[in-house]
Structures are given as structure tokens and as C-alpha cells.
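Biologist: I would like to learn how to read a model like this one. Please take me through it one feature at a time.

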Amino acid sequence: MSVVFVPERLRGKAEVNQETLQRLLEENDQLIRCIVEYQSKGRATDCVQYQHVLHRNLIYLATIADATPPSAQKTTE
């Protein structure tokens with residue numbers, strides 16, 4: 001299950017740290033590999049669920065990036 005799927009009661013309370021971000025990036029890598037594999041086998045409709053999870057992860061990462069002050073972004077690079 002995606003690390004983005006957080007129970008409603010915990011949303012907004014989870015600490016976003018380097019480990020969480022790394023896990024998301026690794027999960028996205030796996031999702032992309034899965035999507036490519038399904039598409040190469042001509043099973044594009046089977047990869048839709050993975051595309052949805054990837055999209056959700058990317059939106060989550062973009063939201064974090066938008067909410068992070070520029071000075072904090074430079075220290076993590």
C-alpha cells in the first residue's frame with residue numbers, strides 16, 4: 001500500500017522527513033516499472049490502478065514541495 005494512504009484522522013499530522021520522501025520516490029520507481037511492463041505486454045488497461053497511485057504520489061510530493069520554503073529546499077538538495 002502506498003505511503004500516501006494515511007488514515008483520515010492522521011492526515012496533516014504526519015512528519016514528512018527524508019526517509020518518507022525516499023520511500024515515496026522508490027515506490028514511484030516501482031510503479032513506473034510496473035506500468036511500463038504492463039504497457040509493453042499490451043495490457044494498458046491493467047496498469048490504470050498503478051497510474052492512479054503514481055498520480056496521487058506525485059501530487060503529494062508536489063504539494064510538499066510547494067509548501068516548503070525555498071531556504072529549506074536548498075538544504076535537502
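Modeller: Buried means under 20% relative accessible area, exposed means over 50%, and partly exposed lies in between, with a 1.4 Å probe and protein chains only. Asn28 lies in helix α1. Helices are DSSP runs of H or I with at least four residues, strands are runs of E with at least two, and both are numbered from the N terminus.

Biologist: What should I know about the source of these values?

Modeller: This is a predicted model, in which local features need pLDDT of at least 70 and side-chain atom pairs count only at pLDDT 80 or more, while totals for chains, interfaces and linings use all residues. Residues are numbered from 1 along each chain as its sequence is written, and side-chain values use heavy atoms, with hydrogens and water left out.

Biologist: Which residues does Asn28 touch, not counting residues up to four places away in sequence?

Modeller: Contact means heavy atoms within 4.5 Å. On that basis Asn28 touches Leu54, Asn57, Leu58 and Leu61.

Biologist: How many helices and strands does the chain have?

Modeller: The chain has 3 helices and 0 strands, and from the N terminus on its elements run α-α-α. Buried residues make up 19% of the 77 residues. Of the contacts with a separation of 6 or more, 58% are between residues 24 or more positions apart.

Biologist: How do I read the packing of two helices?

Modeller: Two packed helices are described by the angle between their axes and the distance between the axes. The axes are lines fitted to C-alpha atoms, for helices over the stretch in contact, and the angles run from 0 to 180 degrees between N-to-C directions. Here helix α1 (residues 18-40) and helix α2 (residues 48-67) pack at an angle of about 150°, with their axes 9 Å apart. That makes α1 roughly antiparallel to α2, a label for angles over 145 degrees; those under 35 count as roughly parallel, 65 to 115 as roughly perpendicular and the rest as oblique.

Biologist: Is the crossing of α1 and α2 left-handed or right-handed?

Modeller: A crossing is left-handed if the near helix is turned anticlockwise from the far one by less than a right angle, and right-handed if clockwise. The crossing of α1 and α2 is left-handed. Among the residues making the contact are Leu24, Asn28, Leu31 and Ile35 of α1 and Tyr50, Leu54, Asn57 and Leu61 of α2. By class, the contact has 15 nonpolar, 4 polar and 1 charged residues. Ala, Val, Leu, Ile, Met, Phe, Trp, Tyr, Cys and Pro count as nonpolar, Asp, Glu, Lys and Arg as charged, and the others, Gly among them, as polar.

Biologist: Which residues form the largest nonpolar core?

Modeller: A nonpolar core is a set of buried Ala, Val, Leu, Ile, Met, Phe, Trp, Tyr and Cys residues joined through side-chain atoms within 4.5 Å. The largest here has 6 residues: Leu31, Ile35, Tyr38, Cys47, Val53 and Leu54. Helices α1 and α2 each supply at least two residues of this core, and α1 gives the most, with 3 residues. Leaving out residues up to four places away in sequence, Leu31 touches Tyr50, Val53, Leu54 and Asn57.

Biologist: Is Tyr50 buried or partly exposed?

Modeller: Tyr50, which lies in helix α2, is partly exposed, with a relative accessible area of 22%. Apart from neighbours within four places in sequence, Tyr50 is in contact with Leu31, Cys34, Ile35 and Tyr38.

Biologist: What about Gln51?

Modeller: Gln51 also lies in helix α2 and counts as partly exposed at 32% relative accessibility. Beyond its neighbours within four places in sequence, Gln51 is in contact with Ile35 and Gln39.
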